[in-house]
Amino acid sequence: MQFSESWLRSLANPSLGTDDLTHLLTMSGLEVEECEPVAKPFEGIVVGQVVEAQKHPNADRLKVCKVDAGTGTLLTIVCGAPNVTAGMKAPLAMIGAHLPAEGGADSMVIRRASMRGVESEGMLCSARELGLSEDHSGLLVLPDSAQIGRPVREVLDLDDHRITIKLTPNRADCLSVLGIAREVAALTGTPLAPPAIAPVPAASDARHPVKISDAAGCGRFTGRVIRNVNAAAPTPDWMRTRLERAGQRSISALVDVTNYVMLELGRPLHVYDVDKLQGPIDVRFGRSGETLELLNGQTVTLEPDVLAITDDRGPIGLAGIMGGETTKADLDTKHCLLEAAFFFPEAIAGRARRYNFGSDASHRFERGVDFDNNVDGIERATQLILDICGGEAGPVTDVIAALPSRTPVAMRTARARKVIGVPITDEEMGDILRRLGL
C-alpha cells in the first residue's frame, strides 16, 4: 500500500515527525517498507508568470521572455521550451538557485548567462529539471491559482513523503488511506477526520437494471447512472498528485475518480459507458467457451468457476478483477454507470493469477472488502464526478443477495490481560476498541 504522508495527515495528523510516525506504524504491525521524499532537494525556484514571449533575434528555437517573479521588476529569461506562452505560470529558477543534482553530481547553480547575444536572468524549468519526472517535453505548467513569487516547493507540496507499507494478508482493512489513518488515530489519540460523505440527491430517474444470478459469488451489487457527464474534463491537480504519489497513473477523470475512492476508502469501483451496455447487468459464473477482451488488451477464456459481469451479449468484465474493453468509459462517454459490488473472497482468489496478471481490485477482493460501504463508495464517487465532470445523478440501485453474518464477539478482559501480559484496564481496552471503530 503506497500513499503520500500529506494525504494521510489530512485524515489523522498526530504531532509526530515523519520518522517517528513511520516508526510507530512499523512497531504497531504495519511495516513501513519505504519512506522517501516526493522531490529531490532544490532551492530558489519560485512561481513565475510569463508576461511576454518573443522570438529570439538570433535563434529560431529560442524565445526571449519577460517573466514576473513577484520582485517588482520583469526578468528577461531566454527559453527553448516549445510550450512557453504569454500568460502561463511555470517554475522559475532565480539567479543563485540550486537545481537537483543528477547522477551523484553537485547541484546545478543558476547564474546569469548570455544566450546568442541575449542575457538571461534565470531559467524556466521542466519537470525533469526539478527532478519530478523524466518529462522534458516542455515547461512544467503550474496552476493558474499559484501565487507569483511563492516557492514552488510550497505550491506543489514537495516537502511531502511517499510511504510504502508492506501489509500482511490479514490486514485488508489497511488497504486504504482511511484504514491507515484509523490506525494512526487509535495509536496516538489523534482525532480521525474521515471524508465527508453525504447522499447525492437524484436529479433524474435514470437507472440500469441489475440482477445477481449467482449469489455464491456476488453478495451485493450497487450501481448508479450519471447522465450528461463531460468525460473529457481534466482531473484536478490535487487528485492527480495524490494518485501519482500512490503509484497510480492518471488516465481520465472518470477512471481517476474510481481509483481515488478505492485508495481513499478501500472500495474498488468500476465505471461503464451506459450506451455500450446491451440489456441488464447480470453477475454469474462463466460458461465454458466464453471469451472476454479485458481493459489491458488481454483476451481470456472463462471457466465455470470464474465469476463474470455480463449483459445480453455475454461477459463484459471479470468480477472483482478487471473490466472489459467493449463497455469501458472513455473520453467520449456521455452517460456512465458506477458499480460498487461485494464479491466473496473465495470467488475471486486465484482467478487473476490463473490469467497471469493481477489488479488493485483483485488484491483487495481476495483479502476481503467491507460489504457495508458499497453505498458510501457510490455516493463519494458520484459527488466527485459531479464536481469534476458535471452531469445528473440518478437514484442508487442496491441489490443485496447474500452477505456474511456479523456475530458479536465477547471479550473477557481478564483473559486479554493474561494473554497480552500487560495490565490494561477495562476503560483503556474500551477506549482502544472505540478508536478503532469496533
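## Nonpolar cores and aromatic pairs

The largest nonpolar core holds 48 residues, and those with the most contacts inside it are Phe3, Ile165, Ile180, Leu254, Val257, Ile385 and Cys389. Such a core is a set of buried Ala, Val, Leu, Ile, Met, Phe, Trp, Tyr and Cys residues joined through side-chain atoms within 4.5 Å, where buried means under 20% relative accessible area, exposed over 50% and partly exposed in between (1.4 Å probe, protein chains only). The model is predicted, so local features need pLDDT of at least 70 and side-chain atom pairs count only at pLDDT 80 or more, while totals for chains, interfaces and linings use all residues. Residues are numbered from 1 along each chain as its sequence is written, and side-chain values use heavy atoms, with hydrogens and water left out.

Two or more residues of this core come from each of α1 (5-9), α2 (18-27), β11 (161-166), α4 (177-188), α5 (237-245), α6 (253-265), β21 (336-343) and α10 (374-389); these elements are DSSP runs numbered from the N terminus, helices being H or I of at least four residues and strands E of at least two. The largest share, 8 residues, is that of α6. Leaving aside neighbours within four places in sequence, Ile180 is in contact (heavy atoms within 4.5 Å) with Met1, Phe3, Leu8, Leu25, Ile165 and Cys174. Another core, of 35 residues, lies apart from the largest one and includes Cys218, Val225, Val274 and Tyr355.

A search of the whole structure finds 5 aromatic pairs. Rings of Phe, Tyr and Trp (its six-membered ring) pair if their centres lie within 6.5 Å, and planes under 30 degrees apart count as stacked, over 60 as edge-to-face and the rest as tilted. Two of the pairs are set out here.

| Pair | Centre to centre | Angle between planes | Class |
|---|---|---|---|
| Trp7 and Tyr260 | 4.9 Å | 10° | stacked |
| Phe343 and Phe365 | 5.1 Å | 70° | edge-to-face |

Because Trp7 lies in helix α1 and Tyr260 in helix α6, their pair ties together parts that are 253 residues apart in sequence. Trp7 is buried at 0% relative accessibility, and Tyr260 is likewise buried, with a relative accessible area of 0%. Trp7 and Tyr260 also form one aromatic cluster with Trp238.

The pair of Phe343, in strand β21, and Phe365, in helix α9 (residues 360-367), links distant parts of the chain that are 22 residues apart. Phe343 counts as buried at 1% relative accessibility, as does Phe365 at 3%.

Elsewhere, Arg153 lies over the face of Phe42, at 4.7 Å from the ring centre; a charge sits over a ring if NZ of Lys or CZ of Arg is within 6 Å of the ring centre and within 35 degrees of the ring normal.
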